[in-house]
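Have the structure open and follow along.

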Amino acid sequence: MQDLDVLIIGGGAAGLMCAFTAARRGLRVVVVEHANRVGKKILMSGGGRCNFTNTGATAANYISGNPHFCKSALARYTPWHFIDMVERHGIAYHEKELGQLFCDESSKLIVKMLLDECEAANARVLTSCSVERVDAEGDRVFRVHTTLGAFRTRALVVATGGLSIPSMGATGFGYELARTFGHSLRPTRAGLVPLTLSGTHQQRFADLSGVALPVTVQCNGASFSNQMLITHRGLSGPSILQISSYWQPGDDLTLDLLPGRDALEVLEAQRAAHPGALMHNVLADVLPKRFAQRLCEVWLPDLPVKQYTSTQLRDAAALLSRFPIVASGTEGYRTAEVTLGGVDTTELSSSTLESRRVPGLHFIGEVVDVTGWLGGYNFQWAWAAADACGKAV
Ligand code: FDA
């Protein structure tokens with residue numbers, strides 16, 4: 001039985017960050033990772049270039065049962081703190097769009113940086129190590145039995161992430177542990193995930209697979225403007241991934257196909273300029289050609305625009321600005337970037353991430369009911385929560 005100050009379950013973004021933050025304070029820290037290597041999601045993130053933070057991250061970019069919960073950690077560990085570490089390690093990066101920072105070269109550099117920091121601070125990282133049992137023994141004493149031996153620790157940090165991409169090591173272990181210790185969970189579901197269509201909805205779009213266009217998508221009061229991509233199974237692209245976190249089966253989704261423009265003004269101007277043109281040609285000036293054609297095969301009369309009555313033109317404009325989408329589901333955890341829901345924040349301290357039920361027990365990162373938008377926000381939450389915990393534990 002080895003004595004520790006902190007045992008962290010999960011060697012992902014939050015677990016590694018927490019490990020060196022706590023170890024820098026002279027604490028004896030071990031990270032237990034069941035996969036054969038740490039940080040697998042970091043490695044695959046951002047298309048291999050890791051969108052490691054977002055310079056505009058605020059609490060407004062997160063979904064949680066308590067939207068205020070993430071404020072404390074995010075305010076104390078900002079994107080600039082992480083950027084400072086990235087620069088100290090000589091990792092080149094660039095802004096892609098909307099404050100999203102990516103490595104110029106490879107996500108591997110972020111994992112290496114985290115491991116180098118662990119080594120410098122004397123935090124031990126054990127891979128291919130599974131937790132077999134966790135016992136709480138009185139006040140702030142936990143016995144953790146693993147496949148690589150048993151540990152007695154005064155603090156236990158759960159950093160096991162969410163359920164997305166099971167092939168990368170995701171498990172529901174953190175949620176089960178939370179439940180065992182009497183914590184409530186908010187229902188989990190896949191977020192930042194492509195939406196699927198079925199029946200005629202799917203048939204109308206499937207052969208347009210590969211077509212992309214900018215849209216503003218709205219659902220349940222949330223709205224995102226970015227590219228949408230039509231896929232064989234439904235819809236994807238940044239705007240759709242974003243809105244998927246706000247969508248639940250049965251909810252209405254609408255698309256503005258001419259974002260930032262008044263559709264009626266666009267159509268009237270086109271009618272004045274090309275009165276004899278067929279509607280699909282008129283629309284092909286402002287939309288991808290195949291998409292414009294499909295609109296006129298299914299939804300709009302393909303007449304010369306001069307033959308459109310005022311009412312018909314208004315109806316066409318209304319369709320373009322509030323195009324209804326009936327999604328049948330999502331692609332699920334197989335392709336989701338994140339898991340919504342998780343350990344209920346009402347039973348955690350927002351400043352230390354410690355359990356209010358079990359002193360010494362902490363939950364950090366994605367396992368907590370805090371989920372960011374697409375664009376580096378999820379890593380920023382992982383870093384910030386880990387820093388808050390690592391400094392308090
Ligand atoms: P994370 O999942 O990183 O780590 C959890 C660790 O715990 C894993 O290593 C896992 O193997 C381990 N584990 C699980 N169960 C265990 C057990 N029983 N015992 C021991 N270990 C266990 N975010 C972002 O901000 N920018 C981006 O570019 C991307 N891109 C991206 C792409 C893809 C494909 C995905 C799936 C996700 C993203 N994300 C992202 C989201 C981001 O990866 C995610 O939010 C963070 O990795 C969460 O960090 P955590 O440390 O909480 O979990």
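Start with a pair of helices: H1 passes H13 in a right-handed crossing, where right-handed means that the near helix is turned clockwise from the far one by less than a right angle, and left-handed means anticlockwise. Keep in mind that this is a predicted model, in which local features need pLDDT of at least 70 and side-chain atom pairs count only at pLDDT 80 or more, while totals for chains, interfaces and linings use all residues. Residues are numbered from 1 along each chain as its sequence is written, and side-chain values use heavy atoms, with hydrogens and water left out.

H1 covers residues 13–23 and H13 covers residues 377–392, and their axes come within 8 Å and cross at roughly 30 degrees. Axes here are lines fitted to C-alpha atoms, for helices over the stretch in contact, with angles running from 0 to 180 degrees between N-to-C directions. Helices (H or I, at least four residues) and strands (E, at least two) are DSSP runs, numbered from the N terminus. H1 and H13 are therefore roughly parallel to each other; the cut-offs are under 35 degrees for roughly parallel, over 145 for roughly antiparallel, 65 to 115 for roughly perpendicular, and oblique for the rest.

Who does the touching? On the H1 side, Ala13, Ala14, Met17, Cys18, Thr21 and Ala22 make the contact, and from H13 come Phe379, Ala382, Trp383, Ala386, Asp387, Cys389, Gly390 and Lys391. Contact means heavy atoms within 4.5 Å. By type, the residues of this H1 and H13 contact split into 10 nonpolar, 2 polar and 2 charged.

Now for H9 (residues 263–273) and H12 (residues 310–321): their axes come within 8 Å and cross at roughly 130 degrees. That angle makes H9 oblique to H12. H9, too, passes its partner H12 in a right-handed crossing. H9 brings Ala263, Leu264, Leu267, Glu268 and Arg271 to the contact, and H12 brings Leu313, Arg314, Ala316, Ala317, Leu320 and Ser321. Sorted by type, the residues in the H9 and H12 contact come out as 7 nonpolar, 1 polar and 3 charged.

**How buried are the single residues?**

Buried means under 20% relative accessible area, exposed over 50%, and partly exposed in between (1.4 Å probe, protein chains only).

| Residue | Relative accessible area | Class |
|---|---|---|
| Ile8 | 0% | buried |
| Leu192 | 1% | buried |
| Thr345 | 3% | buried |
| Glu354 | 16% | buried |
| Arg140 | 37% | partly exposed |
| Glu268 | 38% | partly exposed |

Glu354 sits in the loop between strand E19 (338–343) and strand E20 (361–363). Which side chain does the side chain of Glu354 meet in a polar contact? That would be Arg140, at 2.9 Å. A polar contact is a pair of N or O atoms within 3.5 Å; within protein, one must be able to donate a hydrogen and the other to accept it, and residues adjacent in sequence count only if both atoms are side-chain atoms. Beyond four places in sequence, Glu354 has other contacts too, including Glu347, Pro359 and His362.

Thr345 is in the loop between E19 and E20 as well.

Most residues other than glycine have a negative phi. Arg140, in the loop between strands E8 and E9, has a positive phi near 55 degrees. Leu192, in the loop between strands E11 and E12, has a positive phi of about 45 degrees.

Ile8 belongs to strand E1 (residues 2–9). Ile8 and Val31 are 23 residues apart in sequence, yet 4.7 Å apart in space, C-alpha to C-alpha. Among the residues that Ile8 touches are Cys18, Val31 and Val157. For Glu268 of helix H9, Ala178 is 90 residues away in sequence and 59 Å away in space, C-alpha to C-alpha.

Conventions
Ala, Val, Leu, Ile, Met, Phe, Trp, Tyr, Cys and Pro count as nonpolar, Asp, Glu, Lys and Arg as charged, and the others, Gly among them, as polar.
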